[in-house]
Amino acid sequence: MTNPLGVHASVFIGGTSQDQVRRAVELATATGYDLLELALLDPENIDVAGARKVVESAGISVSGSLGLAPTTDVSSEDPDAVAAGEKLLRSAVDVVAGLGGQHLCGVIYSAMGKYMAPATPRGRANAVAAMQRLADHATEQGVRLAVEVVNRYETNIMNTAGEAMAFLDEVDRPNVKVHVDTYHMNIEENTMDGPVLALGDRLGYVHIGESHRGYLGSGSVDFGPFFRALAQVGYTGPVVFESFSSAVVDPVLSNQLGVWRNLWDDSEHLARHARAFMHTGLESGIRAAAQA
Ligand code: MN
């Protein structure tokens with residue numbers, strides 16, 4: 001098994017102040033992770049030099065993710081929103097590079113929230129053009145992008161891996177891949193293995209989330225076929241646990257995602273449990289793929 005195992009910072013902290021980053025790095029390291037994914041909703045206010053020291057001394061890798069807001073929506077027809085979104089995304093790429101990271105992922109092509117109408121052709125073209133310019137900037141910074149496929153209540157651009165591939169065809173940049181999340185797949189896809197097999201080497205980032213975004217294995221996601229498919233396509237990228245509870249509140253992200261319930265209190269127990277679950281799942285997937 002060669003995948004870096006990661007954990008989303010929301011398991012531990014609800015922001016990116018220097019103290020919060022330090023705490024997340026300590027807890028991610030203590031619970032056995034190789035990678036910490038930071039939510040870069042406010043990249044311009046992160047102390048990159050300070051965070052880099054913490055990250056390097058812990059020996060952990062960092063990735064970044066975010067979902068855009070209506071005021072920074074690059075799929076909007078409003079040129080001001082598109083420009084603001086591109087500025088935010090470039091800052092996020094620079095933070096990832098500044099922290100020695102390799103991946104920026106998430107809903108970076110759209111606002112993250114419920115749209116009340118389909119994407120317009122002009123809005124979609126704006127999103128494609130923004131991703132092209134961001135990809136070119138990211139290439140210079142040594143950063144790869146991955147666009148996260150999320151459910152219908154969080155974007156109107158792509159809700160399935162098939163739609164993500166169509167979007168990637170339009171963007172047409174080698175450092176832009178697809179980011180899948182088992183929580184969203186469980187809502188929108190027909191199967192848990194088909195999308196992974198269809199993506200193949202266009203899969204660039206993986207979120208592991210349960211149907212209620214709490215403890216892995218306690219919900220309805222069928223993880224077996226998903227992990228087997230990762231092995232079948234030879235996926236070696238990050239596999240990152242993502243979970244949310246009202247026990248850890250990010251003033252922006254928690255509300256965007258509708259985190260109203262308390263699904264866990266003990267971040268460390270949750271994180272250790274998830275790491276063991278993912279490790280076992282990936283190993284079982286390799287065995288199942290070998291027998292298939
Ligand atoms: Mn996700």
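Select Phe 223 first: in this predicted model, its relative accessibility is 6%, so Phe 223 counts as buried, the limit being under 20%.

Display both rings together. The ring centres of Phe 223 and Phe 277 are 5.2 Å apart and the planes stand at 75°, so this pair is edge-to-face. Colouring by secondary structure shows Phe 223 in helix H8 (residues 223-232) and Phe 277 in helix H10 (residues 267-291); the pair therefore ties together parts that are 54 residues apart in sequence.

Now extend the selection to Phe 226 and Phe 227. These two residues are both buried, and their rings form an edge-to-face pair, with 5.9 Å from centre to centre and 70° between the planes. Phe 223, Phe 226, Phe 227 and Phe 277 together make up one aromatic cluster. The structure as a whole holds four aromatic pairs.

At the N-terminal end, select Asp 266, which caps H10: one of its side-chain oxygens lies 3.2 Å from the backbone nitrogen of Glu 268. Buried residues of H10 include Leu 270, Ala 274, Met 278, Leu 282 and Ala 289. Among the elements covering the buried residues of this helix are strand S1 (5-8), strand S7 (203-208), H8 and S8.

Which residues have the most contacts inside the largest nonpolar core? Select Leu 104, Phe 167, Phe 226 and Leu 230; the core to which they belong has 90 residues. Centre the view on Leu 104. Neighbours within four places in sequence aside, Leu 104 is in contact with residues including Leu 40, Leu 66, Leu 89, Val 93, Val 143 and Leu 145. A second, separate core has five residues, among them Leu 35, Cys 105, Ala 146 and Tyr 205.

Asp 181 belongs to strand S6 (residues 176-181), whereas Glu 242 sits in the loop between strand S8 (239-241) and helix H9 (253-256); the pair links distant parts of the chain, 61 residues apart. Asp 181 and Glu 242 are both buried.

Key: Residues are numbered from 1 along each chain as its sequence is written. This is a predicted model: local features need pLDDT of at least 70, side-chain atom pairs count only at pLDDT 80 or more; totals for chains, interfaces and linings use all residues. Side-chain values use heavy atoms; hydrogens and water are left out. A nonpolar core is a set of buried Ala, Val, Leu, Ile, Met, Phe, Trp, Tyr and Cys residues joined through side-chain atoms within 4.5 Å. Buried means under 20% relative accessible area, exposed over 50%, partly exposed in between (1.4 Å probe, protein chains only). Contact means heavy atoms within 4.5 Å. Rings of Phe, Tyr and Trp (its six-membered ring) pair if their centres lie within 6.5 Å; planes under 30 degrees apart count as stacked, over 60 as edge-to-face and the rest as tilted. Helices (H or I, at least four residues) and strands (E, at least two) are DSSP runs, numbered from the N terminus. A polar contact is a pair of N or O atoms within 3.5 Å; within protein, one must be able to donate a hydrogen and the other to accept it, and residues adjacent in sequence count only if both atoms are side-chain atoms.
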